[in-house]
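My entries follow the structure shown here.

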Amino acid sequence: MGKVYVVEEACMGCGLCEVYCLVQHSSSRDILKAYKRERPRPISRVRREVAHPLSFAIQCRHCTEAPCVDACLTGAMYLDEDTGAVLHDPSRCVGCWTCIMVCPVGALNMDLENRVVAKCDLCSLSGEPACVANCPNGALEYREEP
């Protein structure tokens, strides 16, 4: 399974990773509709951390021994045995945020409108994630583990 890796020295903090992630997880897949019209509003699964002069994207690292999976009270957070990705089943999530508290990189987000966790799903494993494909500086790379 590929993972998203951050190249900190290449990130200029533009935020396009957040924009394209949100659009990818919208129902319309249209940037204007996703930001202006869709309800519930789609949520980006990646966020940008900016502390000048550094900036970088934070998203789920799909840990091999994922503490969020161990901490999940309902089994909504699980390790996909075929791909090795840490995935989330929103229909089983009760919004207790336990997974958010134990995530070592702070990569999980609250979807307060739906009371569930929003996390990187590698764009449902359908090839190169949108954040990587649309990063203008190559600050995000999708590749197999080193």
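Which strands each supply at least two residues of the lining of the largest pocket? I looked them up: S5 and S7 do. The model is predicted, with pLDDT of at least 70 needed for local features and 80 or more for side-chain atom pairs, while totals for chains, interfaces and linings use all residues. Residues are numbered from 1 along each chain, and side-chain values use heavy atoms, without hydrogens and water.

**Pocket.** I took a pocket as an open set of 1 Å grid points with protein on both sides within 12 Å along at least five of seven lines, lining residues having an atom within 4 Å of a point. The largest pocket holds about 300 Å³ of space. I found 17 lining residues, with Arg45, His88, Pro90, Val117 and Ala118 nearest the centre. S7 gives the most, three residues.

**Val117.** I checked its contacts (heavy atoms within 4.5 Å). Leaving out residues up to four places away in sequence, Val117 touches Met77, His88, Cys93, Trp97, Cys99, Ile100, Leu108 and Asn109.

**Core.** I looked for nonpolar cores, sets of buried residues joined through side-chain atoms within 4.5 Å; buried means under 20% relative accessible area with a 1.4 Å probe. The largest has 28 residues, and Val117 is among those with the most contacts inside it. A second, separate core has five residues, including Cys135 and Ala139.

**Cavities.** A cavity is a set of points where a 1.4 Å probe fits but cannot get out. I noted four of 30 Å³ or more. Cys135 and Ala139 are among the residues closest to its centre.

Terms used: Buried < 20%, exposed > 50% of the residue type's maximum accessible area, 1.4 Å probe, protein only. Points joined across faces, edges and corners; volume = space filled by probe spheres on them. Helix = DSSP H or I, 4+ residues; strand = E, 2+ residues; numbered from the N terminus.
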